[in-house]
Amino acid sequence: MSETRHGPRERMVFSAAQLIRRDGVAATGMREVAAHAGAPRGSLQHYFPGGKEQLVNEAVGWAGRYAGKRIARFLAGLEEPTPSGVFAAMVAQWTDEYAAHGFATGCPVAAATVDCASAGGSTREAVAAAFTTWRTPLAEALTGMGVPAARAESLATLMISTLEGAILMARAEQDTGPLATAVRELGPLLDSAVGPPG
């Protein structure tokens with residue numbers, strides 16, 4: 001998402017997602033979002049009359065859509081798509097980021113979950129919807145690779161939850177080892193779910 005091609009509203013949603021993934025919801029302020037986005041502070045009330053909660057919800061929604069759209073890109077990058085290959089590509093995105101930029105950031109959806117799930121309300125609902133927006137195309141991709149439809153959604157849930165846990169552990173340990181372990185251990189299970197052709 002290029003900041004030069006999008007207006008202030010889109011830039012603020014993107015900036016909020018980036019700041020939430022680094023600092024969490026509680027530590028992400030509206031003024032900081034506007035500054036990060038290069039948007040006038042006065043535009044916050046105009047674009048987000050619901051205040052910080054609306055902005056956070058939209059940032060979480062953006063993150064869920066981004067993650068869901070990445071599934072098609074991961075598939076396109078695989079010579080022979082397999083469930084383990086898709087999972088390895090999902091993990092590689094984080095391994096590459098941590099190798100290049102350190103362990104300062106995580107998933108904005110997970111960060112919003114930690115900060116807001118117990119409070120209930122619209123942000124918890126936005127987080128749940130974001131996970132669904134991510135899980136649905138992943139489950140469809142698994143079905144397209146021969147995983148029975150009855151099992152595809154469960155495995156998509158397992159893949160996302162394993163990835164999120166490995167991201168947390170990698171950040172805590174400042175090491176990509178948990179990500180590598182997740183790929184190595186989960187890959188064979190995922191591939192074993194593919195049914196016989198026809």
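Which residues in α5 meet which residues in α9? In this predicted model, P83, S84, F87, A88, V91, W94, T95 and Y98 on the α5 side meet L179, A182, V183, L186, G187, L190 and D191 on the α9 side.

## The α5 and α9 pair

Two packed helices are described by the angle between their axes and the distance between the axes. Helix α5 spans residues 83-101 and helix α9 spans residues 177-192; they pack at an angle of about 170°, and their axes are 8 Å apart. The two helices are therefore roughly antiparallel to each other, since an angle over 145 degrees is counted in that way. Sorted by class, the residues in this contact comprise 11 nonpolar, 3 polar and 1 charged.

The side chains of S84 and D191 are joined by a polar contact of 2.6 Å. Apart from residues up to four places away in sequence, S84 touches G187, L190 and D191. With a relative accessible area of 19%, S84 is buried, because the cut-off for that class is under 20%.

## Aromatic pairs

A pair of aromatic rings is described by the distance of the centres and the angle of the planes. The count for this model comes to 5 aromatic pairs. In one of them, W62 with Y66, the ring centres are 5.3 Å apart and the planes stand at 20°, so the pair is stacked. Both W62 and Y66 belong to helix α4 (residues 51-76), where they are 4 residues apart, about one turn of the helix. An α-helix has 3.6 residues a turn, so residues three or four places apart point the same way. W62 counts as buried at 17% relative accessibility, whereas Y66, with a relative accessible area of 33%, is partly exposed.

Another pair is formed by W94 and Y98: the ring centres are 5.8 Å apart and the planes are at 50°, so this pair is tilted. W94 and Y98 both lie in helix α5, 4 residues apart, again about one turn of the helix.

## Helix α6 and its cover

Which residues of helix α6 are buried? In this helix, residues 108-116, they are P108, V109, A110, A111, A112 and C116. The elements that cover these buried residues include α1, α4, α7 (121-144) and α8 (149-173).

Helix α1 also contains S15. S15 is buried, its relative accessible area being 0%. A polar atom of the S15 side chain lies 3.4 Å from the backbone nitrogen of A37.

In the loop between α8 and α9, Q174 has a positive phi of about 55°, although Q174 is not a glycine. A149, in helix α8, is exposed, with a relative accessible area of 61%.

How far apart are V194 and G146 in sequence and in space? They are 48 residues apart in sequence, yet their C-alpha atoms are 5.0 Å apart. V194 lies in the segment after α9 and counts as partly exposed at 31% relative accessibility. When neighbours within four places in sequence are left aside, V194 is in contact with P83, M145, G146 and V147.

The table gives sequence and C-alpha separations for several residue pairs.

| Residue pair | Separation in sequence | C-alpha separation |
|---|---|---|
| A27 and E153 | 126 residues | 34 Å |
| A149 and A92 | 57 residues | 26 Å |
| V194 and G146 | 48 residues | 5.0 Å |

Terms used
Residues are numbered from 1 along each chain as its sequence is written. This is a predicted model: local features need pLDDT of at least 70, side-chain atom pairs count only at pLDDT 80 or more; totals for chains, interfaces and linings use all residues. Side-chain values use heavy atoms; hydrogens and water are left out. Axes are lines fitted to C-alpha atoms, for helices over the stretch in contact, and angles run from 0 to 180 degrees between N-to-C directions. Angles under 35 degrees count as roughly parallel, over 145 as roughly antiparallel, 65 to 115 as roughly perpendicular and the rest as oblique. Contact means heavy atoms within 4.5 Å. Ala, Val, Leu, Ile, Met, Phe, Trp, Tyr, Cys and Pro count as nonpolar, Asp, Glu, Lys and Arg as charged, and the others, Gly among them, as polar. Rings of Phe, Tyr and Trp (its six-membered ring) pair if their centres lie within 6.5 Å; planes under 30 degrees apart count as stacked, over 60 as edge-to-face and the rest as tilted. Buried means under 20% relative accessible area, exposed over 50%, partly exposed in between (1.4 Å probe, protein chains only). A polar contact is a pair of N or O atoms within 3.5 Å; within protein, one must be able to donate a hydrogen and the other to accept it, and residues adjacent in sequence count only if both atoms are side-chain atoms.
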